[in-house]
Amino acid sequence: MIKGILMYVLYEYDEFLERLFFQYKEQKDIVLKDVFFDSHKYLSKTFKNYCVCSLCSSDAKRMERGFEPVVDTYSTLDVFVHSPFYKKENVKQSSKSKSERAHIKDVLALKDMYPLPKNKKVLLVDDVCTTGNTLYAAIDLIHPDCVFVIAAHPLWIKANKENIVVKSKGFW
């Protein structure tokens, strides 16, 4: 648990996933959006029980890419993905040091007038967790019932091992 919230991790981030995410997000290879959940379509049934809320890229990055990677990736599970967050400025977390990444809480905000369904539990989703700072900031803003990420950095997993991070292909 992270901040009292159940967190699920599908894969441990490695060099292969790093290259795959880079090709998908930075080289704008949108066809790869289906790859991450290809053998995990069973998650669709569970995700439909939640109000799925994704983290976001900055407006500038979204305009440059022409798509929203996290929303598109999770949409392959045939669930509606809400996008209640925005970034107040164009910040690329991967280019920041660990201490600089902690300031994402000053950049991430909730959209005004973006109501979420009241009759479902909230599932916060992201693609990659490196330090966890973006997830922690989002948790403080939206108070989800649980969190799901496609891949988490091995150092983050190791640092949070006592928090019962689930890293398994068949947990749901």
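Q: Which residues does tyrosine 74 touch, leaving out those up to four places away in sequence?
A: In this predicted model, tyrosine 74 touches Phe37, Phe47, Val79, Val81, Val125, Asp126, Phe148, Val149 and Ile150, with residues up to four places away in sequence not counted.

Q: And which residues touch the most other members of the largest nonpolar core?
A: Those are Phe47, Tyr74 and Phe148, in a core that comprises 29 residues.

Q: Which helices and strands each supply at least two residues of that core?
A: On the strand side there are S1 (6-12), S2 (50-54), S6 (121-129) and S7, and on the helix side H1, H2 and H4, each of them giving the core at least two residues.

Q: What does the second core include?
A: The second core is separate and has 27 residues, among them Leu124, Leu135, Ala137 and Val149. As general background, nonpolar side chains tend to be buried together in soluble globular proteins.

Q: Switching to the rings, how many aromatic pairs are there?
A: The structure holds 9 of them.

Q: What about tyrosine 24 and phenylalanine 67, how are their planes set?
A: The ring centres of tyrosine 24 and phenylalanine 67 are 5.4 Å apart and the planes stand at 40 degrees, so this pair counts as tilted. The two residues come from distant parts of the chain, 43 residues apart, with tyrosine 24 in helix H1 (residues 15-25) and phenylalanine 67 in the loop between helix H3 (59-65) and helix H4 (69-75).

Q: Buried or exposed, those two?
A: Both tyrosine 24 and phenylalanine 67 are buried.

Q: And how do phenylalanine 47 and phenylalanine 148 pair up?
A: Phenylalanine 47 and phenylalanine 148 form an edge-to-face pair, with 5.1 Å from centre to centre and 80 degrees between the planes. Since phenylalanine 47 belongs to helix H2 (residues 43-47) and phenylalanine 148 to strand S7 (residues 146-152), the pair ties together parts that are 101 residues apart in sequence. Phenylalanine 47 and phenylalanine 148 are both buried.

Q: Which rings are linked into a cluster?
A: Tyr13, Phe21, Tyr24, Phe36 and Phe67 are joined into a cluster by ring pairs.

Q: Zooming out, how many helices and strands does the protein have?
A: The secondary structure comes to 7 helices and 8 strands, and of the 172 residues in the protein, 51% are buried.

Q: What share of the contacts comes from residues 24 or more positions apart?
A: Among contacts with a separation of 6 or more, residues 24 or more positions apart account for 77%.

Q: Last one, what is the accessible surface?
A: The accessible surface of the protein is about 9,200 Å², and carbon and sulfur atoms hold 53% of that area.

Conventions: Residues are numbered from 1 along each chain as its sequence is written. This is a predicted model: local features need pLDDT of at least 70, side-chain atom pairs count only at pLDDT 80 or more; totals for chains, interfaces and linings use all residues. Side-chain values use heavy atoms; hydrogens and water are left out. Rings of Phe, Tyr and Trp (its six-membered ring) pair if their centres lie within 6.5 Å; planes under 30 degrees apart count as stacked, over 60 as edge-to-face and the rest as tilted. Helices (H or I, at least four residues) and strands (E, at least two) are DSSP runs, numbered from the N terminus. Buried means under 20% relative accessible area, exposed over 50%, partly exposed in between (1.4 Å probe, protein chains only). A nonpolar core is a set of buried Ala, Val, Leu, Ile, Met, Phe, Trp, Tyr and Cys residues joined through side-chain atoms within 4.5 Å. Contact means heavy atoms within 4.5 Å. Accessible areas come from the Shrake-Rupley method with a 1.4 Å probe; for residues, only the protein chains shown count as cover.
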